[in-house]
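User: I'd like to learn how to read the aromatic features of a structure. Could you walk me through it?

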Amino acid sequence: MASHKEIRPSDFQPQLPQEQLILKDQPETADTIPMDVLFVGAGPAGLAGAIELAKLCKNDPELSGIQIGVLEKAKTLGGHNLSGAVVNPVAFRELFPDLKDSDFPFQTPVTKDSVYMLTEKGKIRLPTPPTMHNKGNYVASICEIVRWLGKKAEEAGVNVLTSFPADSLLVTGNTVQGVRTTPAGLDREKQPGSQYMPPTDIRARVTVMSEGTRGVLTQGYLNWQGLSSKVPQIYALGVKELWRTKKVPEGVIHTMGWPLPTDAFGGSFIYPMGPDLVSLGLVVGLDYKEHTVDVHEMLQKLKNHPLVREYLEGGELVEWGAKTIPEGGWNALPSRLHGDGLLILGDAAGFVNVPALKGIHYAMTSGILAARTIYQALKANDTSSAQLKTYDEKIKSSVIAKDLYPVRNMRQAFKDGFYVGGIKAALMTLTKGAFPGVSGTVLSDAEEPKRIHELDFSNAATAPAGASADPANSLPANGGANGAAKSLRVSKVDGVYLSGNKTRDDIPSHLTVGKDIPPEVAKMYAHMCPAGVYELQGDKLVVNAPNCVDCKATDVLGPRWQPREGGSGPDYKQM
């Protein structure tokens, strides 16, 4: 029925463009912009850090004139941010002690948790695991959170600069001294067009990596410094849809099981986003085993399950998006999170609690702790690694370590499959992660072999779980052929439209593809990418780079991703 041939994605993945990411000994020019502190990325981590630092400096006469900048590659704040999201409000309360929960940009409080194991047509209600209880938390839109935080940052005197992606780190010796931004207005051949804008150098005494998941400058810095972790960082891909509906669930719903294959890790979420909005998403670990697993297609099938269809029937899909999530946990954090003139925050570091499905308040907490570290460094007029190392110490004594350390081996346990992983996870919960630990070698996602099924994909019924007959999305939801089943599904191309992507067609490709990509690897890319960037035409890989929504899945398993000119990519509004 199937061959035993395997492919290892790392064999076809280009190396990091290290010489471009780390620019050494660049001279200052008249156009260089000076800052004291620069946050690269305007997500919850970077904005929380900038706000806290501005507050500390404002109350200190010696530092009241400090210039704090936040760079954001999206055209608008929140435009590139995507999350579930159920938010623990603890970091908001710490950052804004004078405000009430009702003042924060949350949608609704969580009143009920439900967890189900799905079969293709049925469901089994499961006890809610202790890590997934959400009483006291809130359903929210991360886009609205970021816009709200951005407004607070600007009110505090922070320079928030949108449409400014960072291309390179500027370094002298071992010290990071700022960034160089991405040029704009280049044509497909990377030649200046009529709207050309050259890159800008922004210098800072401290540069803070708050890039979010799979940050390319963070990767370049870790590689340059030779920094590793106890186990490799691993990632999941989440595909999410926002529906305007006639019915919303009473509380938050999570599912596991179908439509995932049993040797893939992940599950879905269904959240109420107000009186007529439902957030639906599917998250799948990128260490899946079959080379044709397709998260977008699995989400389309899931929508026709009775549990999900109950809420979507008669509704309207209003927004779509995709994003990777760092899942490695505490042991996958870099061996240090500081350097001369540099700190690493949030998802760029990997502060995500997979069993609890939480990351936003950890990101904000890391930003707050970074701000306090930077404040002391500025007071001491010393931004060296020796001074900034107190950031790592603060992290280790914070709620981040308190929550992440006991579940440090949880995600890796599921590399042995769903059922064995479930048993191990239960034992780890009882022993706070000590037993049974992780046996064997933990591989990065790109090192995990993918099994190749040489099947006739024209028959969708014989395709592996999560696969589609056509990477360009010919499979109806739940495999059906009736009009009702088709009414809920969306193609990848239409999903890109619903993400608000307005990238111009003649932009240079920001994706570096390996040489001599065989058809089976090209097919893996086509299924992996939720935005239809990769197509297999005959035996040739075709790359539709403008379709990209910057989910970074390609950077984990295939072609390398780098930022495009400012404002390119998705423009999320309510995700």
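Analyst: Happy to! A charge sits over a ring if NZ of Lys or CZ of Arg is within 6 Å of the ring centre and within 35 degrees of the ring normal. Here the charged end of Lys552 sits over the ring of Trp561, 4.4 Å from its centre. Likewise, the charged end of Lys55 lies over the ring of Phe96, 5.8 Å from the centre. Please note that this is a predicted model, where local features need pLDDT of at least 70 and side-chain atom pairs count only at pLDDT 80 or more, while totals for chains, interfaces and linings use all residues. Residues are numbered from 1 along each chain as its sequence is written, and side-chain values use heavy atoms, leaving out hydrogens and water.

User: How is a pair of aromatic rings described?

Analyst: By the distance of the centres and the angle of the planes. Rings of Phe, Tyr and Trp (its six-membered ring) pair if their centres lie within 6.5 Å; planes under 30 degrees apart are stacked, over 60 edge-to-face, and the rest tilted. This rule gives 12 aromatic pairs.

User: Why is the pair of Phe92 and Phe104 tilted?

Analyst: Their planes are at 45°, with the centres 5.3 Å apart, so the pair counts as tilted. Phe92 and Phe104 are 12 residues apart in the chain. Phe92 is buried (under 20% relative accessible area, with a 1.4 Å probe and protein chains only), at 0%; Phe104 is buried too, at 5%.

User: Which residues form one aromatic cluster?

Analyst: Phe92, Phe96, Phe104, Phe106, Tyr138 and Trp148 do.

Note on methods
Helices (H or I, at least four residues) and strands (E, at least two) are DSSP runs, numbered from the N terminus. Buried means under 20% relative accessible area, exposed over 50%, partly exposed in between (1.4 Å probe, protein chains only).
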